[in-house]
Amino acid sequence: MNRQKYLDKIKEFEGFRAHAYKCPAGVWTIGYGRTSGVTSSSVTSRAAEEAWFNKYVSELEQEVYNYMCEHGYKLEEYHIQALTSFIYNLGYGKLMTLTEKGERPLDVISNKIPEYCKATVNGKKVKLAGLERRRAWEKDLFDGKLETSEAKSNPTAKDLQELCNEVSGSDLVIDGKIGKKSVTALYNYIKEVSK
């Protein structure tokens with residue numbers, strides 16, 4: 001998934017608040033779901049939280065990548081994005097639980113993601129609609145459904161030529177002699193960078 005869209009989606013799920021509040025689980029929270037160092041009197045700005053958010057997500061992505069590679073998983077970028085959103089919300093420890101310490105195959109991990117939709121509210125584990133929506137999105141992202149839905153499937157050399165003309169008024173001529181995989185990859189790359 002386009003990186004900015006993925007980051008924006010996490011922020012959408014988290015919401016932004018400049019003043020500290022208690023989340024449904026009773027934890028003091030601020031900004032885009034930040035809990036570290038937050039007290040009842042904490043106040044922040046959007047600019048400060050944007051900087052924190054971008055740094056924190058990059059750190060989480062690296063942690064996900066390192067953990068999954070250590071356990072022999074072959075990953076696509078969308079796997080890392082989905083799991084980063086997952087642990088951003090639930091914490092790093094849940095990655096070990098979700099993967100059963102690296103023992104579960106990717107298809108089982110995918111099927112387990114929706115199960116993490118409960119939070120402790122007033123001492124009881126309850127399903128939260130927001131968590132159900134988030135887990136559904138993370139599962140679709142993890143399964144590559146969001147990745148492929150944004151890319152044109154089976155573009156032709158003509159589609160590629162039209163996109164080149166649209167993006168830059170290019171004089172580049174696509175003659176259709178390159179392989180189908182190359183046409184598809186180039187088409188999707190140009191589409192992505194032109195957004």
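**View 1. Cysteines in a predicted model.** Cys 117 is buried, with a relative accessible area of 5%. Keep in mind while looking that this is a predicted model. Cys 69, by contrast, is partly exposed, at a relative accessible area of 36%. What is the count of disulfides here? It comes to zero. As a reminder, a disulfide is a covalent bond between the sulfur atoms of two cysteines.

**View 2. Looking into the largest pocket.** Rolling a probe the size of a water molecule over the atoms shows where empty space is left. The largest pocket takes up a volume of about 1000 Å³. It is lined by 36 residues, and the closest to its centre are Glu 14, Cys 23, Pro 24, Asn 89 and Leu 131.

View 3. Strand E1 pairs with strand E2 (residues 28–31) in the antiparallel sense, over three bridges.

View 4. Lys 11 has its place in helix H1. Is Lys 11 buried or exposed? Its relative accessibility is 13%, so Lys 11 counts as buried, the cut-off being under 20%. Now look across to Gly 31: in sequence Lys 11 and Gly 31 are 20 residues apart, while in space their C-alpha atoms are 9.4 Å apart.

**View 5. Helix H3, largely enclosed.** This helix has 14 residues and reaches 20 Å from its first C-alpha to its last, close to the 20 Å expected. Why call H3 largely enclosed by the rest of the structure? Because 11 of its 14 residues are buried. Among them are Tyr 78, His 79, Phe 86 and Tyr 88. Just after H3 comes Gly 91, with a positive phi of about 100 degrees.

**View 6. Lys 101 in its loop.** You will find Lys 101 in the loop between helix H4 (93–99) and helix H5 (106–112). Its phi is near 55 degrees, a positive value in a residue other than glycine. Lys 101 has 62% relative accessibility, so it counts as exposed.

**View 7. The hairpin of E3 and E4.** Here E3 and strand E4 (residues 124–127) run antiparallel, joined by four bridges. Across the pair, Val 121 stands opposite Lys 124 in E4. The hairpin has two residues between its strands. Asn 122 lies in this loop between E3 and E4. Although Asn 122 is not a glycine, its phi is positive, about 55 degrees. Is Asn 122 buried or exposed? At 78% relative accessibility, Asn 122 counts as exposed.

Definitions and conventions:
Residues numbered from 1 in each chain as written. Predicted model: local features only at pLDDT ≥ 70, side-chain atom pairs only at ≥ 80, totals over all residues. Heavy atoms only, no water. 1 Å grid on protein atoms, 1.4 Å probe; cavity = no way out; pocket = protein on both sides within 12 Å on 5 of 7 lines; lining within 4 Å. Points joined across faces, edges and corners; volume = space filled by probe spheres on them. Pairing = 2+ DSSP bridges. Disulfide = S-S within 2.5 Å. Buried < 20%, exposed > 50% of the residue type's maximum accessible area, 1.4 Å probe, protein only. Expected span 1.5 Å × (residues − 1).
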